[in-house]
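Thank you for making time for this one.

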Amino acid sequence: MKAVRGTAAALLALLVVTGCSATPSVDKKPLAASTPVVPSPVGTLSGATDAAWIQLMTPMNEGAVELLTMAADRAADARLRDWASDLATAHRAELGRMRPLLKELGLPSTNVHEGHEMPGMVTPGDLTQARAAEGAAFEKVFVIQIREHLEHSARVSRSEVDAGSEAAAKKLAAALVEARRGELAGLKRITA
């Protein structure tokens, strides 16, 4: 079991480190070598996992809320609009739990991943692309981006459940894994 936890923690840390700079685009900057990626207030690999997870999930949800709010207003399909509106509300509630956890763990409230290329992160460039699209093209961009967000946030949260050490972080991560399962199923029903 310890090997599984170590592997999950290593995968989360690897995601944070390599996911930030995989392939920079015009709108996305690679991770600078001097950028602090995972400060660990606890000083253990598990503590680093907790810090990495919450510092990644918070901006992931913030970007997703912007995209979801846009879809709630612009999607042509009423089912997709309603789903996006409900999901935006749920993500705002999650942020209401994440932000105090950042403070509790002694982490900065700033986005340490600002400008980094991250799987599942809705970036300013992604939002610009969504704003430029209309009708079915907008819905296609939205569905691709939000599905990626939901899948990656579930994957990262499972790593926190497996390898984290802070009870509050693990509890929130477990809730996110369960929520993402239902959210992805809802999206699949709408887009089938």
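This is a predicted model: local features need pLDDT of at least 70, side-chain atom pairs count only at pLDDT 80 or more; totals for chains, interfaces and linings use all residues.

When I speak of a contact, I mean heavy atoms within 4.5 Å. With that in place, among contacts in the chain between residues at least 6 apart in sequence, 78% join residues at least 24 apart. Residues are numbered from 1 along each chain as its sequence is written, and side-chain values use heavy atoms, with hydrogens and water left out.

The chain has six helices and zero strands, where helices (H or I, at least four residues) and strands (E, at least two) are DSSP runs numbered from the N terminus. Of the 192 residues in the chain, 45% are buried, and here buried means under 20% relative accessible area, exposed means over 50%, and partly exposed lies in between, with a 1.4 Å probe and protein chains only.

Let me turn to F142, which is placed in helix 5, residues 135-163. F142 counts as buried because its relative accessibility is 0%. Leaving aside residues up to four places away in sequence, F142 touches L67, L68, A71, L80, W83 and A84. One of these, L68, is 74 residues from F142 in sequence, yet the two are 8.2 Å apart in space, C-alpha to C-alpha.

Next, the aromatic rings. A search of the whole structure finds two aromatic pairs, with rings of Phe, Tyr and Trp (its six-membered ring) pairing if their centres lie within 6.5 Å, and with planes under 30 degrees apart counted as stacked, over 60 as edge-to-face and the rest as tilted. The rings of W83 and F142 have centres 6.3 Å apart and planes at 75 degrees, so this pair is edge-to-face. It links distant parts of the chain, since W83 lies in helix 3, residues 78-104, and F142 in helix 5, 59 residues apart. W83, at 12% relative accessibility, also counts as buried. For F138 and F142, the ring centres are 6.3 Å apart and the planes are at 15 degrees, so that pair is stacked. Both of these residues lie in helix 5, four residues apart, or about one turn of the helix, and both F138 and F142 are buried. Taken together, W83, F138 and F142 form one aromatic cluster.

What sits over the ring of F138? The charged end of R74 does, 4.5 Å from the ring centre; the criterion is that NZ of Lys or CZ of Arg is within 6 Å of the ring centre and within 35 degrees of the ring normal.

Finally, a word on helix 6, residues 167-191. A167 is found in helix 6, and A167 is exposed, with a relative accessible area of 61%. A167 and D50 are 117 residues apart in sequence, while their C-alpha atoms are 9.6 Å apart in space.

Key. Axes are lines fitted to C-alpha atoms, for helices over the stretch in contact, and angles run from 0 to 180 degrees between N-to-C directions.
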